[in-house]
Amino acid sequence: MGMNVSRQVDLTENEYLQRFVGKTHVPAYDDDFWNNFLQYHINLPTNSEEQLSLDSRLETLCQSFISHNLHTGNFGSLINVFLLKVSELLTLSDTESNVHIWHAFNALFIIRCLVKYMIETGSEYQLLQHFEALPVQAADSDETPSDGTAAGTSTAIPIDMRTVEETKAAVAKLVDGSKFETFLEALVNIIVVIPVKEFTYHLHLEAVNCMIILLSVSLFSQQTMEKSTIYRTIYRCQHANTLMSALLHFLSRMSQAPQTMFGFGTGGSFVFGIAESLWSILTFARKQPDILTAHDLPTAFREHYPLANQSLLLILILTNHHATKDNPYRISLFGCSDSQDSPKEDPATFKIDFSSLYNTLCRIVTIDQATLLLYLLLYRNQRFQKYVMAQQNLQQLVIPILQTLYNAPDSTSHHIYMSLIVLLILSEDDNFNKSVHQIMLKNITWYTERSISEISLGGLLILVVIRTIQYNMLKMRDKYLHTNCLAALANMSGQFQSLHPYVAQRLVSLFETLAKKHARLDQQLKQPNDPNGEPDISIPIGCGLTSEDMLQDLSVLEEVLRMVLEILNSCLSHQLVYCPNLVYTLLYKRNVFEAFRSHSAFQDIIQNIDMVVGFFSSRLQRVQEQRGELGVSEVLEVISKGASQWSSDRLRKFPDLKFKYVEEDAPEEFFIPYVWTLVCKAGCVHFSSETIKGVSAEIVC
C-alpha cells in the first residue's frame, strides 16, 4: 500500500501490509504510516469469483494478522484511526472531507476483510478479542509516546514476545464489547448522518456491507443469537428508527452507483489533486452502468444499484431475526408512515415517502428480496397496506408479481410462495377485488398460452393463479401452495366481473382436470391389483403407491375440488348478472359435474350449480324452439336477459368466502434461513459456504 506502485501478485511483499500484520505495534498516532497505508484504490468484488480471488490473495496476510494482533493490537489502532476519520467527517464540509472519505472507506474495507476472515474461521469471542487487543506497552500508556516524541513522528513500538501470557490475560479482561460498540456507532453515523453524494456513495455501501458481515456471525456459529455479544449490541441500538429510515430511503431513492470511486477516472487525477500513480489491490472488469433490464433484473439491480440492494438485504436481516421478541428494527419498519400524511396521524416511528417506496417496489418486485419486503410491509404495516390499496395503478405492482408466478420454473419455491402470499393479502381487501376487474389490459405479450387482445387485471390474475395450481400439481406438489392459490381466488370470487370467455373456460377446466384425477385415483383404490392400471403421478401430494398414500392424496384432492366448487358458487351467488361467459361455460360443460352429484362431500354445492344450469338451459331450449339453432352471441344474449330475471334467493346460502393470511408460529424458522439465502445469492458480499454451520447451513449451501 502507499505511494509505491504494487501489483496483484505481490501483496505479501508490501511494506505497509507487512508492518500492519507483523510483530510490531503500529500506534494510531503514527500519521505517516496510516496516511500511506490507507492511500490505495480498489474496485470492490461484486461476485463470488472476485471475492474468492481477493480472499485467496489476502489469506496469508490474514493468517499473519491472527498470529500477531493479540500481541501488537494493530487492529485496535486501525479501528481508532477509522473512528477518528469518521468523527472528523461529521464536522467537515464537503470540500474539506474528500480525503477523509477516501481514507475512511479504505480503513473500513480493510476492517471488513479482516472481520469477515475472523468470522468465517474463528469464533465471535476471538473476533471481540481482536477488537479489544492492546499491546502491553500501550495498555498502560493509552498509546501516548513514552519518550516524549511528538504524535505522528514516532517510530513503531516493538513488542516483547516473552509477554505473550500476560498479554492474553490482559486481553481476556478487556473483552466486554465496548470497542465493538463504539465501532458500531461509527457505522450507524456514516449511514444516518453523512448525506449520500457521488463521492460518499461507496463509504455508505461499505458501512452497510460491514453491518451485514457482522450479522453473518449467525451463519458461522451454532450458539443462539441471544448469547451473541454482536447481536445484543446491534439489537439494543438506540438509533433503530433512524437507521431503518436511512436504509429504507437508500432503497426507495435507488441511486445508481457512480462510474468512478472518489473521483478516480481513466483519464484524470483524483478530485483533490493526488496523481493516479496509486496502485490497486485488485482490478476487476466492470461493465458500464445500464438501466434495469427485465431479462436479468436481479443482476442489474445488484451491479448498478448496490447501495439499494445491500440496504434492502440489511433491512431483511434486521427485521427477521428476533421476530418473536422485542426487535426495535421490526417495530420501526412496521410503524413507519407516509411523509405526506397529516401531522394529526397517530405517532410513527419515522416517516418516508410512500409514493417513492411504492414506485421502487413496483420496479423491482420480481426480485426475490423485494417481494419479501413487500410482504412484510403489506402484512405488518397497516399504513402502507392502506396506501397500496388506494392506488389507481395497481397493475404496476400486480403484473410483475403475476409474471413471477407465470415464470415459476425460473424462480425458487420460496419466491413463488411469497408472491402468492402477497396476492392473498391483497385479495383480503374488497376494494382491491373490485378494482382489478375495472383495470383493462391490452396485449399481454408474456402470457403465451393464448393470444388475448384485451383482458381485465382480475381476469389475468385468475388465469395465472390457475396455471400456478396446475404447475404445482405436476412439479412442486405443495398442499399449502394449493391452499393459498385457492384462498386468493375465493376471496376475489364474490367480486368476479366481466370474465373473459377464456378465463371462464379455465375456471371450469380446472375443476374438470381435477375431477379426472379424482376418478383415476378412486379407480386405483378400488382395483389396486389391476395389471393395466397405471399410477397417477400428478396427484398433488405424494407419489407413493400404497393405499394409505393414495387415500391421503384423495382427501387432499377432494378438498381442492370442494374449494373450486365454492369459488364457482360464490360467483354465481353474488355476480351472476355480470358473468354471462361463466354461465355459458357451465352450460357447455355441465357433464363434468355428473359424477359428483351424489357424492356426499359435494352434492350440497352442486345443487346450486345445477339450479343455475337448469334455469338457463330451459330458457335456451324455449328460445331455440322459437328461433332454431343459436349462435354464441345469441346464447349470450339469452343468458344476459335471463340473468336480469334471475333471483339468487333460490340458491342455498353458504358463508361468504373470506380467507385471511396468518403467519405461522415460530416464523424465524422459515424466514431467517430464507433471508440469509438471499444475502448469499443476491448480495454484493460473498461468504465461504464451506464453513457455514449456523441457522441456514443447509439452505445457503
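Predicted model: local features only at pLDDT ≥ 70, side-chain atom pairs only at ≥ 80, totals over all residues.
A residue is called exposed when its relative accessible area is over 50%, buried when that area is under 20%, and partly exposed in between.

We can begin with Lys660, which counts as exposed because its relative accessibility is 64%, whereas Glu428, at 23%, counts as partly exposed. The side chains of these two residues meet in a salt bridge, with 3.4 Å from N to O. This pair links distant parts of the chain, since Lys660 sits in the loop between α28 (632–645) and α29 (668–682) while Glu428 sits in the loop between α20 (413–427) and α21 (430–435), 232 residues apart.

Another bridge joins Asp30 to Arg19, and here the closest N and O atoms are 3.9 Å apart. Asp30 belongs to the loop between β1 (24–25) and α2 (31–37) and Arg19 to helix α1 (residues 15–21), so the pair ties together parts that are 11 residues apart in sequence. Asp30 has a relative accessibility of 4% and therefore counts as buried, while Arg19, at 29%, counts as partly exposed.

A further bridge lies within a helix: Lys641 and Glu637 are both in α28, 4 residues apart, which is about one turn of the helix. The closest N and O atoms of Lys641 and Glu637 are 3.4 Å apart. Lys641 is partly exposed, with a relative accessible area of 48%, and Glu637 is partly exposed as well, with 36%. Elsewhere, salt bridges that share partners join Asp55, Lys116 and Glu120 into one network.

Terms used. Residues numbered from 1 in each chain as written. Heavy atoms only, no water. Salt bridge = Lys/Arg side-chain N within 4 Å of Asp/Glu carboxyl O. Helix = DSSP H or I, 4+ residues; strand = E, 2+ residues; numbered from the N terminus. Buried < 20%, exposed > 50% of the residue type's maximum accessible area, 1.4 Å probe, protein only.
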